[in-house]
Amino acid sequence: MPSKLFIEQNMPVAENPLDNTATTNKSQNGVQSLEIGLSVLDVLIDHNEPMMLKDIAQVMQMHPAKCHRYLVSLIRKNYARKLDDGRYGLGDRVNTLAAFGHSGFSQNNILERLTHIANEIKDTLNCGVQIAKWFSEGPIIIQSVEPDSPISIITRIGSRMPLTTSATGQLFASYQSDEVIQPLVTAEWQNDNEAIITEKWQNFSHLQAKIRTQGYATVTGDMLMGINAITIPVILPQLAISDKNAGKGLPLEYAITIIGTTEQLPMSEQHNVVEQILAIAQRYQIA
């Protein structure tokens, strides 16, 4: 058995915009510290099992000391709890909400189901699979599954995916409003002049329309030479939409990305691959 070659996508990211209280957009009339605290709670909900502080901070791209302060506040309001072994889990208040049917935080946990899907996709296609969640600063990887093959492409959990060059980012960008996406996309083109940015945005808008029409996004070597990726949206049953409501601004929270070499994931087979992925997702009542 040959040694396994790991190709790690350690995405260079700026400091988490949520972690900068000095950049609050007053025009939104929101409370940024509350949004950050709820994002920390989201991490615990998505993971659905106790986590160490360093792991929560990694997902949030936040210094552990600052992350700890938000956890203390969540514990005081009984939305989180600290275990004897030092890990943090969901508090009784969250469990009470679940009991009233507002969400499923146990057997029906979204991340748990998505991880099962990711493992089945990995076994079927022998490719790497990653799960991303949308945050206000963009899509962030919250789970990564590597294949049993000599070559594995790994993206670190907590990495923020670029909107313009990754399949994950392009898909999420196609299901959000221009008001949300355009400033984030423009920031990725900050070294270009205004005329070039205008042209790039027009081309990107065409790409968004194409992705929404076909229902998935693909890239071929845009981030790593010889590496292809396909991303599909995760449409939860409670958020299912009809064709009438299709378009930008949809509440897309999660996406699944399949990553492989040109041999593992040939783009000539992308339609067949997408059909296989959707068939697996539908068995878990997600697609």
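Leaving aside neighbours within four places in sequence, isoleucine 258 is in contact with Ile121, Leu125, Cys127, Gly128, Asn228, Ala229, Ile230, Leu265 and Ile277. Contact means heavy atoms within 4.5 Å. The model is predicted: local features need pLDDT of at least 70, side-chain atom pairs count only at pLDDT 80 or more, and totals for chains, interfaces and linings use all residues. Residues are numbered from 1 along each chain as its sequence is written, and side-chain values use heavy atoms, with hydrogens and water left out.

The protein chain comes to 9 helices and 9 strands. Helices (H or I, at least four residues) and strands (E, at least two) are DSSP runs, numbered from the N terminus. Of the 287 residues in the protein chain, 44% are buried. Buried means under 20% relative accessible area, exposed over 50%, and partly exposed in between (1.4 Å probe, protein chains only). Among contacts between residues at least 6 apart in sequence, 64% join residues at least 24 apart.

The largest nonpolar core has 47 residues. Such a core is a set of buried Ala, Val, Leu, Ile, Met, Phe, Trp, Tyr and Cys residues joined through side-chain atoms within 4.5 Å. Leu44, Ile56, Leu114, Ile117, Ile121, Ile256 and Ile258 touch the most other members. Helix H5 (residues 110-125) gives the largest share of this core, 7 residues. Another core, of 25 residues, lies apart from it; Trp134, Leu171, Ala173 and Ala229 are among its members.

H5 also packs with helix H9 (residues 270-283), at an angle of about 145° and with the axes 10 Å apart. Axes are lines fitted to C-alpha atoms, for helices over the stretch in contact, and angles run from 0 to 180 degrees between N-to-C directions. From H5, the contact is made by Ile117, Glu120, Ile121, Thr124 and Leu125; from H9, by Val273, Gln276, Ile277, Ile280, Ala281 and Arg283.

Helices H7 (residues 178-188) and H8 (residues 194-214) pack at about 130°, with their axes 11 Å apart. This angle makes H7 oblique to H8. Angles under 35 degrees count as roughly parallel, over 145 as roughly antiparallel, 65 to 115 as roughly perpendicular and the rest as oblique. Asp178, Ile181, Gln182, Val185 and Thr186 of H7 meet Ile197, Trp201, Phe204 and Gln208 of H8.

Serine 174 lies in helix H6 (residues 167-174). This serine is buried, with a relative accessible area of 0%. Serine 174 and isoleucine 211 are 37 residues apart in sequence, yet 6.7 Å apart in space, C-alpha to C-alpha.
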